[in-house]
Amino acid sequence: MAIGKTHSVVLSVTPYRESSILAVLFSREHGRFSGIAKGIRRGDRRRVPVERGYIIEHIVYLKQHGDLHQITDCSIHDYFPLLRGDLEKTAIRDLLFDIVLSAVPAGDSHPDVYDFIVEFLTGLSNVGQGLRGHLTYLSKILFAFSGHLGFGLDFSQCSSCGYRTDGSGPVWLNIEQGMVRCERCSSGFGASADRLVSAGAAIWFSSSGSGDAPVLSGKEAVAALRLAYDYSRYHLEIRKNLESYAFVEHLAGM
Ligand SMILES: [Zn+2]
């Protein structure tokens with residue numbers, strides 16, 4: 001039984017037996033894992049608030065067999081106060097978390113994915129421009145997350161003729177082939193209007209870092225998110241339609 005102190009992102013929390021909780025956590029060292037924290041159920045005076053979206057510091061007793069580990073000595077490292085109580089931002093957080101839960105199996109160590117999730121929570125805390133801005137931010141995050149799992153996409157140039165995306169026109173995405181083409185090369189590419197990435201979105205997806213997002217129209221933002229979601233589901237082999245996506249769609253009036 002190994003013991004270690006670590007920081008983890010809380011991906012989900014459910015009650016477990018009388019007074020415990022079962023948490024799915026993600027840490028730099030251990031990747032995704034599940035743990036039981038005893039005697040810290042909500043309403044308990046001794047409770048430590050382990051809530052979805054927090055980063056907690058804790059000790060983990062890793063069991064060699066079975067995959068339910070024991071978590072003790074929890075304290076909050078960061079609870080992202082700007083996300084709490086923000087319905088749209090928590091909906092967006094929940095969608096990314098559900099994709100992580102669906103796509104990353106337990107036991108693999110993914111330090112880059114841990115850093116990615118922490119950056120996502122920080123970025124989401126600060127992103128502005130209302131719901132449109134949040135959707136624009138999320139669509140880039142979904143493409144980037146697929147990239148971390150080996151399904152990166154290059155929006156900066158046409159995969160056929162090499163034409164550089166310069167913002168003067170839209171590009172077309174073929175989800176199944178994982179390729180982007182310019183307008184000229186789009187015929188016979190399985191390109192339909194709903195696979196069109198607006199010029200502004202293509203520049204945003206090909207820019208590095210998470211600087212200021214472009215101001216997309218509501219329609220462009222919604223279309224970009226739908227493409228990013230369909231692309232993630234296809235390549236990360238997420239079979240079911242996620243309820244958290246349906247909720248974001250509902251908020252966006254899609
Ligand atoms: Zn081309």
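Which residue just after α3 takes a positive phi? Gly-150 does, with a phi of about 100°, and the legends below lead up to that spot. Please note that this is a predicted model, in which local features need pLDDT of at least 70, side-chain atom pairs count only at pLDDT 80 or more, and totals for chains, interfaces and linings use all residues. Residues are numbered from 1 along each chain as its sequence is written.

**View 1. The whole protein chain.** Here you can find six helices and eight strands (DSSP runs, H or I of at least four residues for helices and E of at least two for strands, numbered from the N terminus). Starting at the N terminus, their order is β-β-β-β-β-α-α-α-β-β-β-α-α-α. Along the principal axes, the C-alpha atoms fill a box of roughly 65 × 35 × 30 Å.

**View 2. Helix α3 from end to end.** This helix covers residues 130-148, 19 residues in total. From first C-alpha to last it reaches 27 Å, close to the 27 Å expected at 1.5 Å a residue (the expected span is 1.5 Å times one less than the number of residues).

**View 3. Buried residues of α3.** Among them are His-134, Tyr-137, Lys-140 and Phe-143; buried means that 20 or more other C-beta atoms, placed from the backbone, lie within 10 Å of a residue's own. In the protein chain, buried residues make up 34% of the 254 residues.

**View 4. What covers α3.** The cover over its buried residues includes α1 (87-103), α2 (111-126), α4 (199-206), α5 (218-235) and α6 (243-252).

Conventions: Buried ≥ 20, exposed ≤ 12 C-beta atoms within 10 Å, placed from the backbone. Contact = placed C-beta atoms within 7 Å.
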